[in-house]
Amino acid sequence: MVDTALTSGQRWRGVAAATGCISIVGLMSGLTWPLLALRLDAQGVDSRWVGLSASAQALSIMLVAPLAPRFVRRLGIIRSIAGCLAAAATALLLLPLIPNLYAWFPIRFLLGAASSTIFIIGEIWIIQVSPPHIRGRVVGLFGSVWGGCFAAGPLIIRLTGVAGWAPFLAGVVIMLAAVLPLPFAQGGTPRIDSPSRLGLVRLFRAAPATLLAVFMLAILDTVNDSFVPLYGLRNGLDQGAAVTLLTVLLAGLTCAQLPAGLLADRIDRRRFLIGIVVVIILLELSLPVAVRSSWAYWPVVAAIGASVGSLWVVSLLLVGERYHGADIAAANAARAVLYGIGAVCGPSLAGLAFDLWNPHGLPLAVAAIGLLYLPVAVLAERPRD
């Protein structure tokens with residue numbers, strides 16, 4: 001539901017400020033996920049520990065997400081985001097200062113808590129201020145800009161390298177830059193004064209496929225961000241090409257989101273969701289074959305990224321379609337909890353899959369998750385009347 005207390009000008013200023021701030025944070029996230037995985041791998045850390053380290057960052061999403069609507073009610077959107085930006089910058093400085101695998105677990109928890117809360121608040125902000133009749137286009141544009149910044153993140157590693165302080169200082173500078181768009185909101189932030197009327201169980205019962213879509217999205221995101229470069233390395237690519245592989249995937253993710261939003265404004269979004277899941281399953285199953293070709297590998301990876309981007313757009317639009325008012329904030333917090341669960345499971349599953357079948361257990365494990373979710377998407381939720 002759009003916040004009717006805002007004028008048209010305030011809504012568009014809010015969209016612009018939210019898109020700018022959250023997208024800059026996306027640039028930092030695109031840098032840190034592969035950076036930390038590659039840094040640990042370069043130190044000879046076992047892939048299971050690489051996965052567990054990423055899970056610590058993802059665990060924070062699950063634990064902190066329910067607090068995001070409370071932060072917004074008490075502090076407002078702008079101050080909540082500013083506080084999280086300061087916490088994330090602190091975590092980035094602590095990582096190279098304390099280069100210890102075990103110390104990184106709580107530091108990555110702090111980093112994940114801050115950055116995920118920013119993104120949750122950004123989703124609430126965008127959904128509340130965007131007009132329903134063009135919400136797909138607004139969300140698609142927001143996702144495209146964010147995805148473009150996220151896709152550019154791994155390229156920073158090519159400039160800074162993995163070792164030393166340089167990549168972490170780059171991340172801190174990026175987080176400070178994310179503050180700059182916030183003053184331009186000029187009243188374009190929605191007010192969330194009352195708590196949701198629905199608890200987590202009722203939210204889930206109302207739309208199980210809508211909420212569970214983000215569980216699959218979390219597995220795809222965390223596995224791709226942390227392990228696609230390693231998958232490339234273990235299939236014969238050098239480090240530069242392996243990092244670029246992730247950029248290709250993220251470029252596909254970015255380019256698909258605006259078209260997905262445009263399409264979602266015109267067709268049944270639940271059927272669109274089912275189609276996306278089917279495509280993801282088929283692409284993951286084809287990856288072990290495509291990797292044997294010098295040319296087929298890259299478009300398949302780009303198509304996987306496009307499917308993931310479309311999944312995010314449609315899953316968020318379904319929240320705006322099926323919930324209203326303060327329930328949107330509660331539903332987004334519930335999505336974040338499920339995202340956190342998936343993000344905790346994803347890297348650990350990927351590390352185990354690598355060990356059981358190196359390296360092709362990775363895409364097959366992701367395809368298996370899609371096959372488990374598909375009946376839920378088809379059967380567990382009726383279309384909205």
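Two cavities of 30 Å³ or more are counted in this predicted model, a cavity being a set of points on a 1 Å grid over the protein atoms alone where a 1.4 Å probe fits but cannot get out. The model is predicted, with local features needing pLDDT of at least 70 and side-chain atom pairs counting only at pLDDT 80 or more, whereas totals for chains, interfaces and linings use all residues. Residues are numbered from 1 along each chain as its sequence is written, and side-chain values use heavy atoms, with hydrogens and water left out.

The largest cavity has a volume of about 600 Å³, where a volume is the space filled by probe spheres set on grid points that are joined across faces, edges and corners. Its lining, made of residues with an atom within 4 Å of a point, comprises 35 residues, of which Ile 61, Phe 119, Trp 146, Asp 221 and Tyr 339 lie nearest the centre. Among the elements that give two or more residues to this lining are α5 (104–129), α9 (208–233), α10 (239–264) and α12 (297–322), helices being DSSP runs of H or I with at least four residues, numbered from the N terminus. By class the lining of the largest cavity holds 20 nonpolar, eleven polar and four charged residues, with Ala, Val, Leu, Ile, Met, Phe, Trp, Tyr, Cys and Pro taken as nonpolar, Asp, Glu, Lys and Arg as charged, and the others, Gly among them, as polar.

The second largest cavity holds about 110 Å³ of space, and of the 14 residues that line it, Asn 224, Val 228, Glu 284, Leu 287 and Leu 362 are the closest to its centre. Here α9 gives the most to the lining, with four residues, and by class the lining has twelve nonpolar, one polar and one charged residues.

Two helix pairs can be followed from these linings. The axes of α9 and α10 come within 8 Å and cross at roughly 135°, axes being lines fitted to C-alpha atoms over the stretch in contact and angles running from 0 to 180 degrees between N-to-C directions.

Phe 119, Glu 123 and Ile 127 in α5 meet Trp 312, Leu 316 and Gly 320 in α12.

Definitions and conventions: 1 Å grid on protein atoms, 1.4 Å probe; cavity = no way out; pocket = protein on both sides within 12 Å on 5 of 7 lines; lining within 4 Å. Contact = heavy atoms within 4.5 Å.
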